[in-house]
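Try each task before you read its solution.

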Amino acid sequence: MTEVTLKYIPSGDSAFIIKAGDVISEEVNLVVRKLLARLEEENIPGVIDFIPSYNELMVCYDPAKIGYRRLLETLRACAADLGAMHLPPPEVVNVPVLYGGEAGPDLHYVAGYNGLAEEDVIRIHTSADCLVYMLGFTPGFCYLGGMDKRIATPRQETPRLKIPAGSVGIAGEQTGIYPMESPGGWQLIGRTPLRLFNPDSKPEFLFTAGDYIRFYPVEQDEYERIAVEVAEGTYQVIRTPKV
């Protein structure tokens with residue numbers, strides 16, 4: 001792993017932002033994930049939460065239990081051995097998607113905007129393994145990298161007030177999945193029957209940072225079959241090693 005210089009930036013009187021770089025890249029994000037794992041392992045008294053992003057990690061703490069200088073020293077000590085740290089091998093989570101029609105009402109627009117046929121958009125969208133950089137926005141929403149720029153499309157000028165859970169969309173050079181019904185302005189190209197967030201299960205989230213997602217197309221009957229199995233709790237998500 002290339003050496004990365006970390007910056008420790010106080011954020012108010014009860015948080016640090018540890019910045020691993022100024023760019024969004026898999027290498028920088030790997031440093032953030034290694035640092036998070038190392039600090040969780042250390043279980044520092046007084047630290048109450050971690051909030052990771054593309055290239056930063058916010059460390060929230062109780063100043064009545066641990067002081068600024070002591071925490072800074074501990075953070076730097078934990079970060080000193082990241083190069084030797086190994087995270088579990090990444091997995092590829094295979095996500096079935098029903099493309100077009102009512103499930104993906106903007107597929108035609110995405111195709112036209114990029115001078116492609118709808119079949120080309122589906123082929124390109126399902127050809128890449130997309131890295132889950134982080135979760136946020138709503139519970140289970142994953143920020144993905146790796147989408148092919150050939151299907152990049154601007155957000156809608158007027159966001160929809162209600163987007164169904166499982167909707168797969170494109171916004172700029174990103175693709176993503178809406179884990180629950182919510183407003184949004186992404187161009188919707190399909191829908192997955194998988195449930196990304198379930199507060200009654202352990203773990204609650206289908207994805208974690210460091211996973212990869214590979215979309216694959218399904219027809220209406222297979223979509224409905226998977227949806228029934230998901231509702232009954234019998235569906236087995238397909239996970240494969242990342243090669």
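**Exercise 1.** Decide whether Tyr178 is buried or exposed.

*Solution.* Start with the cut-offs: buried means under 20% relative accessible area, exposed over 50%, and partly exposed in between (1.4 Å probe, protein chains only). Tyr178 has a relative accessible area of 1%, so Tyr178 is buried. Phe141, at 1% relative accessibility, therefore counts as buried too.

A word on the model: it is predicted, so local features need pLDDT of at least 70 and side-chain atom pairs count only at pLDDT 80 or more, while totals for chains, interfaces and linings use all residues. Residues are numbered from 1 along each chain as its sequence is written, and side-chain values use heavy atoms, leaving out hydrogens and water.

**Exercise 2.** Classify the ring pair of Phe141 and Tyr143.

*Solution.* Rings of Phe, Tyr and Trp (its six-membered ring) pair if their centres lie within 6.5 Å; planes under 30 degrees apart count as stacked, over 60 as edge-to-face and the rest as tilted. The whole structure holds 10 aromatic pairs. For Phe141 and Tyr143, the centres are 5.1 Å apart and the planes meet at 75 degrees, so this pair is edge-to-face.

**Exercise 3.** Which kind of pair do Phe141 and Tyr178 form?

*Solution.* With 6.2 Å centre to centre and 70 degrees between the planes, Phe141 and Tyr178 are edge-to-face. This pair links distant parts of the chain, 37 residues apart. Finally, ring pairs join Phe141, Tyr143 and Tyr178 with Tyr54, Tyr133 and Trp186 in a cluster.

How values were computed
Helices (H or I, at least four residues) and strands (E, at least two) are DSSP runs, numbered from the N terminus.
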